[in-house]
Amino acid sequence: FLNLDSGVLKETSSFVTILLHRYKIKQFTMKAAIRKSIFGGVTLFSKTQPEPNFSPSKNSNEVLVNVKSAAINPVDYKLPRFVIGPVFGLDFSGIVEEIGDNVTNFKVGDAVYGHAHGSLAEKAVSSANKIAKKTDDLTFSEAAALPVAYVTALQGLRLGKVTEGSSVLIIGASGGCGIAAIQLAKAMGAKRIIAICSGKNSQLVKETGATEVVDYTNESELQSFFATNKEIIQCVYDAATGSGHGEKYTNASMSLLLKDVGEYVQLNGSAKVWTKGVVLKNLPKHQHLILTDMNTADLEEVSLLLKKINAKPLMNIMPFTEEGLKEGFDLLKSRRAKGKIVFDI
């Protein structure tokens, strides 16, 4: 009955785990970060969260993953439990433990990274079309830092029509999304990459790829930049406006765009902007509110672009403990994190 030399599975432990899951011999538990409140803001570190139920027939287009690393994003604490589920996390990397009946592009044992609701846990289930195979040049922590921030940046810069020689302004440049946009703009061949961030992060963003830095804490410097760069920027990638602390760069940014061809791409916005952008779809011409479309091809493209310029994501790596969770989420909410916050599961 059990022929462990057949090559079906390489490791006995993985094979046994799959059998127990498939035949539901026992409900296993795992460590996980739980949304304690219905509104999602309160984090609970649990050691007894039930593992996801996975059936190859029921989860035919999905994979069960043994999570190695997971990253967090502002959406993790901004959206309520009833919208996004009880377990925190969207970004992850890990090892495929079981595959659905229709999955052909991944196999048990593959190292992967991508998107899964509830990734901040020891096990997670992901759609096979929202993951990619991890390349050997990336660690699990590095791979987990990529999905949301980097795929969003890639798709935003494409929407901004960034090509070889383009000029790009990145607002909120020292955060996870901003660093991602700087690196990918450089890899896509942008010639002028302007970063708006605090002066204390100037050297950091320059080392990442920015060619110029504007200190938003220096009001005269900020006003001078907007006054002297009218109609010369191809793409404004705004990771700051609408993020919760009163930043409003939209009107000033629109005046910087190259006439008739420049594009303004924002990650957040007011309720009015979300209504006009997502529901009514009638934002002004050349203004875009991006909604990330996570997919395998773009995850692979991100990895290739970073390799092209020999770049790695900037990370704050935290332990997956009650104390580590508190520290990580406090840093994320402070909006002072440089790069991504990643937990080693």
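At what angle do H5 and helix H11 pack, and how far apart are their axes? Keep that in mind for a moment. One caution before the answer: this is a predicted model.

Now the answer. H5 and helix H11, residues 296-308, pack at an angle of about 90°. Their axes are 10 Å apart. That makes H5 roughly perpendicular to H11, because angles of 65 to 115 degrees count as such.

Who touches whom? From H5 we have Pro 147, Tyr 150, Val 151, Leu 154, Gln 155 and Arg 158. They meet Asp 298, Leu 299, Glu 301, Val 302, Leu 305 and Leu 306 in H11. By class, this contact of H5 with H11 has eight nonpolar residues, one polar and three charged.

H11 has another partner, H6. The axes of H6 and H11 come within 9 Å and cross at roughly 70°. So H6, too, is roughly perpendicular to H11. On the H6 side, the contact residues are Gln 183, Leu 184 and Ala 187. On the H11 side, they are Val 302, Leu 305, Leu 306 and Lys 308. That contact divides into five nonpolar residues, one polar and one charged.

Strand S11, residues 235-238, runs parallel to strand S12, residues 263-266, over four bridges. Take Val 236: its bridge partner in S12 is Tyr 264.

Last topic, the pocket. What is the volume of the largest pocket? About 1500 Å³. Its lining counts 50 residues. Nearest the centre of the largest pocket lie Pro 74, Cys 177, Ala 239, Leu 267 and Asn 268.

Which elements supply at least two residues each to that lining? Among the helices, we have H2 at 75-78, H5, H6 at 176-187 and H12 at 322-334. Among the strands, we have S9 at 192-197 and S15 at 340-344. By class, the lining has 26 nonpolar, 16 polar and eight charged residues.

How values were computed. Residues numbered from 1 in each chain as written. Predicted model: local features only at pLDDT ≥ 70, side-chain atom pairs only at ≥ 80, totals over all residues. Heavy atoms only, no water. Pairing = 2+ DSSP bridges. 1 Å grid on protein atoms, 1.4 Å probe; cavity = no way out; pocket = protein on both sides within 12 Å on 5 of 7 lines; lining within 4 Å. Points joined across faces, edges and corners; volume = space filled by probe spheres on them. Nonpolar A, V, L, I, M, F, W, Y, C, P; charged D, E, K, R; others polar. Axes fitted to C-alpha atoms, helices over the stretch in contact; angles between N-to-C directions. Parallel < 35°, antiparallel > 145°, perpendicular 65-115°, else oblique. Contact = heavy atoms within 4.5 Å.
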